[in-house]
Structures are given as structure tokens and as C-alpha cells.
Amino acid sequence: MTTTNDNAGADRKIVTFSLAQQTFGIDMRALIEIREWDEPTPLPNVPGFIKGVTNLRGNVIPVVGLAERLGWEPSAIHARSCVLVVNIAGKQAGFLVDEVNDIVAIGETEIQPAPEVETIESSVIDGLVRIATRQKDGTRDEKGIMVLLLDLDALSLTKHLDIAA
Amino acid sequence: MSDEFDDIQAIFFEECTEGLTTAEQGLSAMQGGDVSAEVIAGVFRAVHSIKGGAGAFGHADLTAFAHKFENVLDEVRGGKIPPSPGVVKVMLSAFDVLSDHVECAKGLAPRPADQAALDALEQVLANKGADDGAPAANSAATVAPVAAEPPAAAGEADEFGFVPMAVSLDDFDAPAAPAAVDGAWIVTFKPSRAALANAGEPLLIIRELETLGAEIIGVDTGTVPSLRDLDPEDAYFTWTLRLPAELPESDITDCFDFVAPDSVVEVRRDAVAAAPVAEVAPAPAAAPAEDDFGFVPVTAGVEDLAAEMQRVVEQIAAASPPIGSVETPAIAPKAGAGDAQQTIRVDLGKLDLLLNLVGELVIRNSILADRLSPADRQRVELPELARLTRQIQDNVMSLRAQPIKQAFSRVPRMLRDLSVETGKQINLETIGETTEVDKGVIEKIGDPLTHMIRNAADHGLESAEERIAAGKSPEGTIKLSAEQRGARIFVRVQDNGRGINRERVKAKAIEKGIISADAQLSNEEIDQLICAPGFSTAETISNISGRGVGMDVVRSNVEALGGRVEIHSVPGEGTTFTMILPLTLAILDGMIVRLAGQRFVLPLAHVLETVQPEIGQVKRTSPDSEVIDMRGEYVPVKRATEIFGLNDDRQVEDSLVVIVESEGSGKVGLVVDTIDDRREVVIKSLDQNLHPIRGLGGATILGDGSIALILDIEALVASTNRYTPKGLAA
């Protein structure tokens, strides 16, 4: 399954990926690169969702299990596991995801605010957007799927670790 | 677009910082009595370039203030205002305000109140600094040039519509006047064809020069061809002008800013002793080789002038014999300074990258050494390669090294402020400010240094009355020094004040619950208490600092740099704080060890020895604590695997115990699986992308691209009772 978008007036590109049977999206501008999963060097004294650190061309960057970070079951590593390397407010981090799907353009107006849910931290879901999908046989699924847009700043590791520390 | 502007502006601010440093050093030197032309010119140039940049970026307040300051400096440089202590004092305060203006331009501070400083500068300008006993003799030179005798034959120049004016030669009669010492400026100007084609009207430039007091002393018409060959669009004239000696050269060159580059512009000092004007004039002919023009002095007036000059020159020569040599120092330092400080501005990021690459090279080198047989090593000249690599590494490190002066430079200003706030008289002595340290270290010691200086000024030094009562001189002294010892640098802040009041410190520590009431402490242990968090002995916490308030911050900052703080105090004689820091934050000599199979780097500086424990050598003293018997000395043993929560089912007898020495806890044994290697590693900070992690000093990338974490020994071994001195109840 790939996600597509035929809307005119699209002004934002997002990368969609699956995690815990959901489809998530992050802003394309924050993405540095997508890498294959490579076992990172574990760190002591850090929350469990931080899988460790890895070497990104001479930079030491943390690798985060995004599923755990969002409260889902930890991802099982498989052949299509990927690490999305992103830039959050000048810091680089890798997010482990189950599978990267597509890059789609969306219009700002299509984004619906995420429902207010009571959680300990402020929501890391920036908004929801529906994306029409194309099935493998080429037919359009008009119902589309829901993509959860992640608020990377709210995910910021530093912020979260300050709370944890 | 605006990013680009910001980048350029960032460069300007960096230059401002450098300029301010230079200016401050110059002013401090002047305050100390060194009022040589070189020093004054240095300060002038610094302020001048700040003004220039500020103007270009539209920082109006900064420009205006720098301009006024520059005016005063210019007069001082021209010898019209004597650099008396009073004037230097005004300039020092002006410097402070200038720094504030720069901060304001950066958006880091509100606009400073500069009126008082402006008034003071104005005052100095108005009365030529005479209020503090300036020698009246200088006033002769300050008289504006007067057009005394209009040249007889101005006709030649008339077609351009200007009236030549002459310098009143009477002014030169005062033998001590600096204007007479330096030769007048002689400017040769031959616009090019291109300049005329680009509407570079020579008349406008000559008029501008005239407003500065220029006088045309010659127009070379020798290159004008016959009418038949005349190209009306070409330029044929060469003007020679004389300008008053006391003008700064930059004022003259500024006039030529927009002249096409292929025009001939020469600005030089008239050779006073040797030169009647007629002989000076042919000199410019040497410049453009293609024009073989015979220079003809055109006006009769010039000849009169030449005769007059000759007379004056003879008078001056009689009054002060070595006149010929005087002009040399006036010009030489400027040229010399330009040559000596050939530098290039490099983005620190690029240097870091280079350092990383060199680090990789070092690692590759050692891998190569491991894999080659001894015979092959010789064949590929591996030792030679290793030596080269080491040299490259040392050189790259030295590129990042900067004199610690940069960190020290803001101290004088701070002390001036503190002096006002506390009403104490404070002298500053600096030693070893040329000691070179890695730029990263310099940046990070700023805050701890500030704290220590403030502490010393506020609490270390007594008031003048107290000092007199104690039989000391009323002025307190703070000594700031830096020295390198091996791979460490020692930065000391020493005051000759009252010393630490140990009774009060101890009482306070008991009151705050930092130590128990019956604790027996040595003097050193008591002194260390002021670095404990939340400790303050200041009865009323002043707005400056309390000794103790912030000292814990100093200590943790310094420890974060891999350094430590030592305190030494003698009651009644003063206190010395010593920061002992690594020279660089970039490379570390480390031991690669394994903990539960994972590789870690243990900083070699901490390692005393390694032991393979025999059965029974490690003993339990409680369910959670062990000691190792080291030749009769029982050393506590820590398992890093436990602290880090790693799975480890190894027997201690199968492991190695590395005895490390830590600042806070003395000797401690660390249990590791094995030791892999010893090598230099390039330190990568974890907080760059993550967050500092307790027990880790960073990470490094090994030769195979994998990551090894660097152990922070201090934090590891002191993890349970970090701030509690040995043997005390917590």
C-alpha cells in the first residue's frame, strides 16, 4: 500500500511511516536521512526508549525507539526496519520505525487538530490528516487512511530527559 | 538573504570583540604608563574599525558613540591631547560604555546610558585635556592651518575652479609641536582613463582633500600630448598635494575610496629633513612606469614655499638634531603590525572537522600497526607514518589553541565595575596571559572565572579601612595567572584579602546540615565546603555574589571540563582558587576496557595501576560494598556494571581491577572485564545531540566506526556521596 495525494494547493510535504499498525507522518523538512537499522551502542542510565547512540558520519546521535516513546509496544526489528534521522531544534536524533511508506504533499487546511486527550505530557500529535490511498491493484480507496502528524518539538529528547532526570 | 546578512553581521560582532580586546589592552597599557604612539594607534584603529562596521550595519547609537570616542583618540594620537591619567580614565569609562553599546547592538543588553561618557569625552575634546595639567606647548599645533599666503600664480589651477591654500608656516616654529616632527603628507594623484570614464571627477576629490586642509603644490602637465594626439577622454594630469601632518592617514585615503583602482594614488610623509619641495616632486614619476613624465613645479608660489620650508627645516634641525630618524617610528609600527599579525579567520566547525579527521587518521594508524607484521611495518615505513600523523595532530591542535588572554580580557572591566560597586580599591595583576589553551576551554572557563573574580573582590578583599587597620596597604590586589604544566593548565585567582573565615564556614555548614555538628574537619576540608551546593557565608547576599553562592556552580562547571578546583587560604593573608584544567577538550588519552562485553574508554590520567585479583583479594565489607587488598591497603571497589545496570555474572577473579585516583574519593578500584587497548580518542560530546549522562564523559568513534562511551571517573566513583568530604556523616 502506498499513500498518494492528488490535492491541489498542497503546501507541506510529509514522510509517512508505519508504527504499531498506525500511520504516522513527520515534516519532510526535519528529515536528514533514512538509514537501515543497525544495533546502536547502549547507554546506561537513560530511559528505555533510548536504544543507544550511533555514529552518523562522525556525529554521535541517539537512537530512539519511537514506538516505546509514544507508549506503544516496542517495535520488533525486521528486514524493513528503518531509522529516520531528524533534526529537532538543532539536535539530531534517529527514530526507529517499522516501515517507511511514502512522501506526500498535504495542504495546511487538511490538517485537523488532534483531539485533546489527558496525558502526562502535552500531546506529541500535532494533528490528523486523511490521505487517499492507492491499493496495489491501482484502484483508489476513497476512504483513505488517517495519518498522525508528530510534533517533533514536543518529542524533543532533551525536554523529555530533563523531566526524567 | 537575511541569513547571509546575519552571517556577515556575526563576523562584524566577532571583530568587535577582538577590537574591544585590543582597545582594552591598549587602554590598560596606557593606564599603566605606556603611552607610546604604537599603543595609542592600536586603540584608535580598534575603535575606528568598530565605528566603520557599526555604520555599515546601521547601529546608529554605537556608531555615534564610537565616533565621539574616536575623535578624542584621534586628538590623542595626533598629540593634541596629552594622554594624561585623567584623559585615560575618561577613555576607560568610554571604553566600558562602548562595550555596552556593542552588547546592545548584539541585542543582548539594553541601550546603555552614555550621556555621561559622551559629556566627558566632549569635555576632553573641548579643553584638549588641559584640565589635568597638559603642557601648554601643545596648543601651538592645535591652531587650525591658516591660508597665509595665497600662491602667486593660481592661474594654472583656475580651470578647475579651486583656490589653493597654504599652511601657515608659523605653526612650525614651535619646536616641540608634533606637526613639525612628522613631515606633512604628500599625496600624488593621477586619475586613470577608467576613472574619468566612470565619472570619477578629480575635482570632487581634490575639493574633498581641500576641506582637510590640502594644498596643491604641483600639477604635472608633462604628459599632455600635442593637440593633434589629444584624446579628450583620457586623463593626463598628475596632481601633487600637501596635507597637514597631523591628519590621520585614513582620512586621506578615505577620500580616494571610490577612485578606480588603476589610478595612481600615493600617500606618504614628506621627508622633512632632506626635502625642499622641488626635490620631492619628481618622486611620483617612479610609480607608473609607462609614463615617462618630467615633473615640473608649476607655481612660483611653490618655489617661495620651498625656500620657506628650507628655512623652517633648518631651524627645526637646529632645535632637535635627530629629526631625520623621528619620522621612521611614526610609520614603521603600522607597517610592522600589519606584517606580524597575518591571520586568517576560519570557521571553528571546519577546524573541528579537521580535528576529527585527524583523529580518525590516528586510529587508522594504530589499526594498521596492529595488523602488520613487524617486517611489513618496516617495509611500509609505518614509524615514519606514525610520526607524521602525530605531527599533523599536534599542529591541528595548535590551530585551535588561543592565548588565554581572551578569557582574561574581560576581567579589568569587571573589576572597574566591582570597584565602584564595593567602594574597594582593587589592583589587578595578570601573569601568563599568553599561555595557549584550546578555544573550547577558553570559552568555558569564562563563567567560573567571572565567579571567582567576583568572589575575590566582594568577599576576599577587605574594605580600605579594614585593610589599613590590619596593617595592609589600602589597595587590595587580585592576581590572575595562568601556566601550563604538562597536559594541564593551572588558572589561579589569588587575592590578598582576609582569607576564609573557617569558624564561620564550619558553623554555616552545620547550620545548613551539610556536615554533622561533631564533624572533625581539617582546614582544607573546611575550605572545600564553600564549594558545597547551597552553601553561603555571606550574611547579606550582595548583588555581586556571596563567597559560596555560586562556588558549587564553579566547581561543577570545572569538573564538567574534566578539571578540578583547589582552594588554598591563609587567614589574614588571602585566598587562592586554582582551576586545574585539561589543555584540550578534544582528545583524551584513554584505555579501552570492556564492561559486560561492551567497550568503554577509561581516561588514562586517572589510572594508577591494574591488578588481576587473586582469590580472596577482594573482600565484602557489607552486602553492597567490597574492598581490594592492595599490599595491605584496603581500597574500595566499585562495579561499573552495577552502576550502569549492565548484566554481569563474571567472577571478580576473572576480571581486572583498575585502580583509579579521583579527586573526590581518592583511590578506588573499578572492576572491568578486560583491557583491549590504549589509544588516544577524539571526544564527542553526548549533549550535543542528547543530554549529559551521569557517569559518562562523552563518546568516541573507534576505528571500525563503532561507538565507545567514555567513563567519567569522578562521577562514577563518587556517585553515592558526591559532595561529602571523606569520613563525614552525610
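Here is a short walk through the structure, one selection at a time.

This is a predicted model, in which local features need pLDDT of at least 70 and side-chain atom pairs count only at pLDDT 80 or more, while totals for chains, interfaces and linings use all residues. Residues are numbered from 1 along each chain as its sequence is written, chains are lettered from A and ligands numbered from 1 in the order in which they are written, and side-chain values use heavy atoms, with hydrogens and water left out.

**Chain B as a whole**

Select chain B and colour by secondary structure: there are 26 helices and 22 strands, taken as DSSP runs (H or I, at least four residues, for helices; E, at least two, for strands) and numbered from the N terminus. Of its 730 residues, 47% are buried; buried means under 20% relative accessible area, exposed over 50%, and partly exposed in between (1.4 Å probe, protein chains only).

**Aromatic pairs**

Next, the rings. The whole structure has 5 aromatic pairs over all chains. Rings of Phe, Tyr and Trp (its six-membered ring) pair if their centres lie within 6.5 Å; planes under 30 degrees apart count as stacked, over 60 as edge-to-face and the rest as tilted. Pick A:Phe17 and A:Phe24: their ring centres are 6.1 Å apart with planes at 15°, so this pair is stacked. Both A:Phe17 and A:Phe24 are buried.

Now jump to B:Phe12 and B:Phe13, a tilted pair with 5.3 Å between centres and 40° between planes.

**A charge over a ring**

Show B:Arg77 and B:Phe44. The charged end of B:Arg77 sits over the ring of B:Phe44, 3.8 Å from its centre; the rule asks for NZ of Lys or CZ of Arg within 6 Å of the ring centre and within 35 degrees of the ring normal.

**Salt bridges**

Go to B:Asp438 and B:Arg400, whose closest N and O atoms are 2.7 Å apart. B:Asp438 is in strand 7 (residues 436–438) and B:Arg400 in helix 17 (residues 382–400) of chain B, so the bridge ties together parts 38 residues apart in sequence. Both B:Asp438 and B:Arg400 are buried.

For your last stop, select B:Glu24, B:Asp96, B:Asp100, B:Arg413, B:Arg416 and B:Asp417: salt bridges with shared partners join them into one network.

Definitions and conventions: A salt bridge is a side-chain nitrogen of Lys or Arg within 4 Å of a carboxyl oxygen of Asp or Glu.
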